[in-house]
Number of protein chains: 2
Amino acid sequence: MSDNWLDAIKWTEDGLVPVIAQEASTGQVLMLAWMNREALALSVQEGRAIYWSRSRQKLWRKGEESGHVQILKDIRLDCDNDVVLLQVEQQGGIACHTGRHHCFYKQLQGDRWVEVDPVLRDPKEIYK
Amino acid sequence: MSDNWLDAIKWTEDGLVPVIAQEASTGQVLMLAWMNREALALSVQEGRAIYWSRSRQKLWRKGEESGHVQILKDIRLDCDNDVVLLQVEQQGGIACHTGRHHCFYKQLQGDRWVEVDPVLRDPKEIYK
């Protein structure tokens, strides 16, 4: 398999690309994270989302601790070749480390952010 | 109106935040762009998406030339306070400067990116 498709991507100076994970079955945007070249290559190879953790500076196999693996259904690149969009099957129905379905649970109401989506599972139970 | 909600956001070193625009009616992810503090404040004030163009280093009132304005329906912030998700009504049904409905028209098929979504309107006609 050629690596040309990886060369097509405009990586940041840090060698990363922002990746949006959208739930294939609901269309809900679950999260945005980052991948480096290795993470994206491995994601395709293994059929699951593997990100680059900027805080930990290492590969982050989404779901490795929580079991909340994201199975890849579709991979898209945008017009400028600098954003990736994944369609995923979110195992366990929880993408967010707070135990919520997705990460975008704070809604702007007037001049404040209000948490509008419920915690489905206590993070203490998810990360033991 | 207090500016505390803007202070809640973790801006990058360049003072930006990545913003995902999702079409409210279809759930389709249209594009990802960036906003600075002024762009986000103006977006909320005017009820339309106003981005910060990193290439032109100026405010980018989405649709100012094309008429393809994005009307804001909902604004979300993620768990880490560093990504914004908009629900928008995409006027003209075209979000991408290539004349396509959305920017994510290249699909990974095997080891190559294939353009799978049609051009709805010639960019030459959009940007005169």
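This is a predicted model: local features need pLDDT of at least 70, side-chain atom pairs count only at pLDDT 80 or more; totals for chains, interfaces and linings use all residues.
View 1. A:Ser25 belongs to the loop that links strand 1 to strand 2 of chain A. Although A:Ser25 and A:Val88 are separated by 63 residues in sequence, their C-alpha atoms are 8.3 Å apart in space.

**View 2. A:Val19 and the largest nonpolar core.** The largest nonpolar core holds 58 residues, and the members that touch the most others are A:Val19, A:Ile20, B:Val19 and B:Ile20. Beyond its neighbours within four places in sequence, A:Val19 is in contact with A:Leu32, A:Ala33, A:Trp34 and A:Met35, as well as with A:Tyr51, A:Val84 and A:Leu86.

**View 3. The contact between chain A and chain B.** Chain A and chain B each give 31 residues to the contact. On the side of chain A that touches chain B, the elements giving two or more residues are helix 1 (4-7), strand 1 (16-23), strand 2 (29-36), strand 5 (70-77), strand 7 (106-109) and strand 8 (112-115). Strand 5 of chain A makes the largest contribution to this side, with four residues. Sorted by class, this side of chain A comprises 18 nonpolar, seven polar and six charged residues.

**View 4. Strand pairing across the two chains.** Strand 7 of chain A and strand 5 (residues 70-77) of chain B run antiparallel and are joined by two bridges. Within strand 5 of chain B, B:Arg76 is the bridge partner of A:Gln107.

Definitions and conventions. Residues are numbered from 1 along each chain as its sequence is written. Chains are lettered from A and ligands numbered from 1 in the order in which they are written. Two residues are in contact if their C-beta atoms, placed from the backbone, lie within 7 Å. Ala, Val, Leu, Ile, Met, Phe, Trp, Tyr, Cys and Pro count as nonpolar, Asp, Glu, Lys and Arg as charged, and the others, Gly among them, as polar. Two strands pair if DSSP finds at least two bridges between them. A nonpolar core is a set of buried Ala, Val, Leu, Ile, Met, Phe, Trp, Tyr and Cys residues joined through C-beta atoms within 7 Å. A residue is buried if 20 or more other C-beta atoms lie within 10 Å of its own, exposed if 12 or fewer, and partly exposed in between; C-beta atoms are placed from the backbone.
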